[in-house]
Amino acid sequence: MSDLVTTARAATDAARPHFVALYRVVTALLFACHGAASLFGVLGGAHGGGTIPAGTWPGWYAAVIQLACGALVLLGIGTRAAALVASGSMAYAYFTVHQENALFPLQNGGEPAVLFCWAFLLIAAVGPGSYALGRRIAR
């Protein structure tokens, strides 16, 4: 039985960078889509339709962060820094927008903000995984 466990562990260890990259790409793509929806009215637009007026605090700035950091993390360029900014923006969104309505994310509609916050904090901690353009550019 221990040989099976050792073989499974070796296989998952070898695949880890690829799973991290897939997690990074999917998370960043979803995040960037939120920014694009708010800024350009695509994919259903902001809050079910339309765009956020330029310069509106904090929504427009959040959308710019979502689009820019989402794109950087997606491509794997400056991944750790961009993921940290994205995580911080979602923490700010949760505590200033959602938590005033109720304590728990399920009650106040803040689940996406909490999930994105922790997802990007994880990406900032573990790095981009494989297939990051930042590694190719730095060479």
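Where is the place of Leu 43 in this chain? Leu 43 sits in the loop between helix 1 and helix 2, and I'll come back to that loop in a few minutes. Hello everyone, and thanks for coming. One thing to keep in mind throughout: this is a predicted model.

Let's begin with the whole chain. It has six helices and zero strands, so if you walk along from the N terminus, the elements read α-α-α-α-α-α. The C-alpha atoms fill a box of roughly 55 × 40 × 25 Å along the principal axes. Of the 139 residues, 34% count as buried. And if you take the contacts between residues at least 6 apart in sequence, 65% of them join residues at least 24 apart.

Now to the helix pairs. Two packed helices are described by the angle between their axes and the distance between the axes. Take helix 1 and helix 2 to start with. Their axes come within 7 Å and cross at roughly 150 degrees. An angle over 145 degrees counts as roughly antiparallel, and that makes helix 1 roughly antiparallel to helix 2. The crossing of these two helices is left-handed. By class, the contact of helix 1 with helix 2 has 17 nonpolar, five polar and one charged residues. If you'd like to find the contact on the screen, look in helix 1 for residues including Arg 24, Val 25, Ala 28, Leu 29 and Phe 40. On the helix 2 side, the residues they meet include Trp 60, Ala 63, Leu 67, Gly 70 and Leu 75.

On to the next pair, helix 3 and helix 5. These pack at an angle of about 155 degrees, with their axes 8 Å apart. That makes helix 3 roughly antiparallel to helix 5, and helix 3 passes helix 5 in a left-handed crossing. From helix 3, the contact includes Thr 79, Ala 83, Ser 87, Met 90 and Tyr 94, while helix 5 brings residues including Ala 113, Phe 116, Phe 120 and Ile 123. The residues of this contact divide into 16 nonpolar, three polar and one charged.

Let's stay with helix 5 for a moment. This helix covers residues 111–126, which is 16 residues. From first C-alpha to last, helix 5 reaches 22 Å, close to the 22 Å expected at 1.5 Å a residue. Which residues of helix 5 are buried? They are Ala 113, Phe 116, Cys 117, Ala 119, Phe 120, Ile 123 and Ala 124. As a reminder, an α-helix has 3.6 residues a turn, so residues three or four places apart point the same way. The buried residues of helix 5 pack against helix 1 (2–40), helix 2 (59–75) and helix 3 (79–98). Just after helix 5 comes Gly 127, which takes a positive phi of about 90 degrees.

Thr 27 is found in helix 1. Buried or exposed, what is Thr 27? Its relative accessibility is 8%, so Thr 27 counts as buried. Leaving aside neighbours within four places in sequence, Thr 27 is in contact with Phe 116, Ala 119, Phe 120 and Ile 123.

The other one is Thr 79, in helix 3. At 5% relative accessibility, Thr 79 counts as buried too. Not counting residues up to four places away in sequence, Thr 79 touches Arg 24, Leu 72, Val 73, Ile 123 and Pro 128. Pro 128 is 49 residues from Thr 79 along the chain, yet their C-alpha atoms are separated by 6.1 Å.

And now, as promised, the loops. Most residues other than glycine have a negative phi, and most peptide bonds are trans. With 63% relative accessibility, Leu 43 counts as exposed. Pro 58 lies in that loop as well, and the peptide bond from Trp 57 to Pro 58 is cis, with omega near -10 degrees.

Last stop: Tyr 131, in the loop between helix 5 and helix 6 (133–138). Phi of Tyr 131 is near 65 degrees, again a positive value in a residue other than glycine. Tyr 131 has 57% relative accessibility and so counts as exposed. That's my tour, and I'm happy to take questions.

Methods: Residues are numbered from 1 along each chain as its sequence is written. This is a predicted model: local features need pLDDT of at least 70, side-chain atom pairs count only at pLDDT 80 or more; totals for chains, interfaces and linings use all residues. Side-chain values use heavy atoms; hydrogens and water are left out. Helices (H or I, at least four residues) and strands (E, at least two) are DSSP runs, numbered from the N terminus. The expected span of a helix is 1.5 Å times one less than its number of residues. Buried means under 20% relative accessible area, exposed over 50%, partly exposed in between (1.4 Å probe, protein chains only). Contact means heavy atoms within 4.5 Å. Axes are lines fitted to C-alpha atoms, for helices over the stretch in contact, and angles run from 0 to 180 degrees between N-to-C directions. Angles under 35 degrees count as roughly parallel, over 145 as roughly antiparallel, 65 to 115 as roughly perpendicular and the rest as oblique. A crossing is left-handed if the near helix is turned anticlockwise from the far one by less than a right angle, and right-handed if clockwise. Ala, Val, Leu, Ile, Met, Phe, Trp, Tyr, Cys and Pro count as nonpolar, Asp, Glu, Lys and Arg as charged, and the others, Gly among them, as polar.
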